[in-house]
Amino acid sequence: MMKVLPLTMVGLTLVAGSAHAEWFFRGTPNQWSSTQLETLSSSEFETCQTFAEGDSDGGPRFKIDRYGDWTESYPSSDYSVTANQSYQIIFNSSTSSISVTQVSSCDDDSSSSDDTWYFRGTPNDWASTEMSTSDDVNYCIEQSFGSDDPRFKVDHYGDWTEAYPSEDYRVDVDSDYQICINADSKEVSATLLSSQDTQAPSVSASPAPGSYQDGQTISLTVSDNQDASPTLYYTIDGSDPTSSSDIYQGESIAANDLGDGADLVIKTLAVDASGNQQVQSFTYYIGETQTSSTDFREETIYFLLTARFYDGDSSNNYYNRDRIKIGDPQWRGDFKGLIEKLDYIQDLGFSAIWITPPVENRSGLDYHGYHAYDFYTVDPRLESPDASYQDFIDAAHAKGLKVIQDVVINHSSQYGLRDQVWIDHLPIKYYVPEGSTQGEIDNDPYFGNLGDYQSDYRDDNDNSAAPDWFKERHSSDPEGVEPLVDPKTGTTVPLAGYDANRFFGIDSTTLDPDWYHQDGFMSGGDWENPESLQNKHMAGDTIDLATENQNVKDYINGAIHQYLDMGVDAIRLDTVKHVERNELLEYVNDWKAYKPGLFVFGENLVKGTGFGSELDNDNASAVIRPWWYTRTTEDPSNPNAGGDSGFSVLDFSVFSTFRDNVTKGSFGGIGGVLGWDWVYGDATKLVTFFQNHDVGPDNDFKYRYGGEEGNAAMAYNLMWTNRGIPTLYYGEEVMFQAGLPQDIAGNSDTIDQTGRAYYGPYLDDMQTTENYPLFKHIQRLNAIRKAVPALQKAPTTQVNEWGSGISYVRDYNQGESYAVVGLANADGQTISVSSVRNGTYTDAVTGNQVTVSGGTISFDVKGYSAGIYVLNGPGKIGEDGTYLR
């Protein structure tokens, strides 16, 4: 029987770029010139050749050459045949296998027969692949079957009008077969092809090697493609394992803190029945958690809205006056609840938590934290007597988790800034709607009026910078019935239907120019105009601060220093493009000088790739686009005219493609965007995401993803293996609120109808939540990324993308850590990457091992899975799941 390469896959089989490849016969019959093969199918090519005695260098022989230039040819040694014979030669590009069948003469054109038979089954996704014949009676083809119910039929005309056998022909999983049918008897046969076992067994360790705060108990697992019980030798004393070392028999291995440096190094030698062997190493650092690292590329981020995550203390719950849903206060989650659920985030494998702004807020709907009223005070609706913000930071650090604080410097609430600047308003308790009378408000828990229901005097604007008349009403008249003369108009309130803007809006021309811009509100084309973006107010509850003024800088920077002193590890900066770049960098550089090594990234929202009109087809200048803020150049047409600014951004460029590719089961267009990585100061520090509290991967950039779960897994495979720091928005791991708008969309929507709903029920049912396929998928991706520095820190290079798959290389520090990545959509892929480093690669997903000597690596990836082939890698990491397998 012929020798074939083992291949395991599900669905459609392709070789990256094979649609453009040519395959040539080169051998003694044509004096080693190039004769193009005829195409039988997308992966099979044939020729018929008559061999004489050979040539001066040897007997009759040949090779199959991919491009006719010897850059890629098969087999590795010349294929020898018998002299003075004719052969039909079939080459399979998916398996690199060659089938040679002796025929009476190449003049007998077997293709002259009008009869055709087609293979249809799980390997080709039930498409029609023509079978070949040498005698017009027996039609054959070789196929590689995966693990998902492998079966097939042979179809006479490719239209199901005549197919054999009557029931699907089932075969062994993960096996290669020659399939034949006798056209006369209609008998179908499947002959298992033998193959030499050259694959070494692979070892995985649980938990994965890396840094941990507390001691760990390690278990090892060894697996092999053929041997059910390979032998595993190991050492823990630093020596190299041999066949005389201890045999692992399922015992637990303890990793404890022994001081500085590595605390446990497990070295393994796995040997299978065929004699294949592999040495691997697993290193653990205990008591040296990720919080000691200053390279944030090592982290993965879990992003949550603190007030919507988990309620640990119902006494601090609060209903905003807008969008009330009884039973679901907008301020519901808190730091006590978050502390209780740190293990959940850690179990998912995340090392950093990004929380929404914790500073005290004021507005009609401020649960999210982006309407700051006092930068120096933590909002009391998030804290408890035994669970302050400081307690949360300390608890996170104790578990090796970093804390990322969301910060807004562009704007404040419409209340002004406590004790600094007041914005002219009438107390809200005096507002009476048209057609009503004072005292009739019935908006549970707001009864009588809309003033703050938890304040003694129904007013929460306790700003000492307010005028005396306002402060007097702040501490009196809770019913809002005592007449008050509006000092701006002379009108006495309460008065039904009186101008609502005097209670809830602002007059920008009356703002204090020491603190605020006076340029009006954003509208129309302002959103793509730098001057308008950076000087006008986004909305009535986001009042644009004069960030260029020194008093504003001193106020904000002083507050940030306070939080850095508390232990905040990184900062996410909101509304970046609304602050001029050099001005924004003054703030960032102040924080980084205060805390060296601080990682700061920001949100520069753009609904598109957003490289700027100076560089690309864009409707706005690069000076408001994300890359501009990561560079110091003063020329928006030349990113390289300036270096890395030290500030990173959320990766909206790749995100913007998701609505057209991964959400539809394709990788199309991603490679083109990655080709723009050069414009950023350092693309490896971009923070990547699939969705967040503002946007989703849909045509309107508006909704939580609600499509096929497998396509989401596809997106995460990309994010966790591509350059950048991956971020998960709370609930993505269970398709939380799938298909719903990220924020309130209709006039009567409440936030339980959005992507910002309360997550508590999922955290109360951990057994169900932690068994969601995507939960386990993310968990394993985190473990893999943690173990491979190249996935954390290397640029993405050698990108090849073909819709149903994508491949690229991650090379960190010139081979210090090196990985070749291949991803598949719903259909399995055969992936080939050239110009890679030679050596032994192990797939972190399957444990499959490939030795490369000619600079090209080829491997198979199942549908929705990934091939992560790491040079001298740690082996298989984690257990197979629904998608990674």
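Modeller: Helices are DSSP runs of H or I with at least four residues, strands are DSSP runs of E with at least two, and both are numbered from the N terminus. This is a predicted model, in which local features need pLDDT of at least 70, side-chain atom pairs count only at pLDDT 80 or more, and totals for chains, interfaces and linings use all residues. Residues are numbered from 1 along each chain as its sequence is written, and side-chain values use heavy atoms, with hydrogens and water left out.

Biologist: What makes the peptide bond from Asp444 to Pro445 cis?

Modeller: Its omega is near 10°. Pro445 sits in the loop between strand E33 (441-443) and strand E34 (446-448). Pro165 belongs to strand E14, residues 163-170.

Biologist: Why remark on the phi of Trp32?

Modeller: Most residues other than glycine have a negative phi, and most peptide bonds are trans. Trp32 is not a glycine, yet its phi is positive, at about 65°. Trp32 lies in the loop between strand E1 (24-27) and strand E2 (35-36). Asp477 also has a positive phi, near 50°, and is not a glycine. The loop that holds Asp477 runs between helix H5 (468-474) and strand E35 (484-485).

Biologist: Why is Asp477 called buried?

Modeller: Buried means under 20% relative accessible area, exposed means over 50%, and partly exposed is in between, with a 1.4 Å probe and protein chains only. Asp477 has a relative accessible area of 6%, so it counts as buried. Pro329 is buried too, with a relative accessibility of 6%.

Biologist: Where is Pro329, and what does Pro329 touch?

Modeller: Pro329 is in the loop between helix H1 (306-309) and helix H2 (335-340). Contact means heavy atoms within 4.5 Å. Leaving out residues up to four places away in sequence, Pro329 touches Arg308, Asn317, Tyr318 and Tyr319. The C-alpha atoms of Pro329 and Ile751 are separated by 9.5 Å, although these residues are 422 apart along the chain.

Biologist: How do you know that strand E12 and strand E15 pair?

Modeller: Two strands pair if DSSP finds at least two bridges between them. E12 (residues 138-145) and E15 (residues 175-182) have eight bridges, in the antiparallel sense. Within this pair, Cys140 stands opposite Cys180 in E15. The pair belongs to an open, antiparallel sheet of four strands in the order E11-E12-E15-E16.

Biologist: What makes E11 and E16 the edges?

Modeller: Strand E11 (132-133) and strand E16 (188-192) have a single partner strand each, so one side of each lacks a neighbour in the sheet.

Biologist: Why is the pair Asp366 and Arg381 called a salt bridge?

Modeller: The term requires a side-chain nitrogen of Lys or Arg within 4 Å of a carboxyl oxygen of Asp or Glu. For Asp366 and Arg381 the N to O distance is 3.1 Å. Asp366 lies in the loop between strand E27 (359-361) and strand E28 (372-378) and Arg381 in the loop between E28 and helix H4 (389-398), so the pair ties together parts 15 residues apart in sequence. Asp366 is buried at 1% relative accessibility, and Arg381 is buried at 10%.

Biologist: How many salt bridges does the structure hold?

Modeller: There are 46. Among them is the one between Arg66 and Glu72, at 3.0 Å from N to O; both residues are buried. Another joins Asp660 and Arg659 at 3.4 Å from N to O.

Biologist: What makes Asp660 and Arg659 buried, partly exposed or exposed?

Modeller: Asp660 has a relative accessible area of 47%, so it is partly exposed. Arg659, at 26%, is partly exposed as well. Elsewhere, salt bridges that share partners link Glu360, Arg362, Asp374, Arg418, Asp460 and Asp462 into one network.

Biologist: At what angle do helix H8 and helix H9 pack?

Modeller: Axes are lines fitted to C-alpha atoms, for helices over the stretch in contact, and angles run from 0 to 180 degrees between N-to-C directions. On that basis H8 (residues 550-566) and H9 (residues 581-594) pack at about 35°, with their axes 10 Å apart. The residues in contact include Ile556, Ile560 and Leu564 of H8 and Tyr587, Trp591 and Tyr594 of H9.
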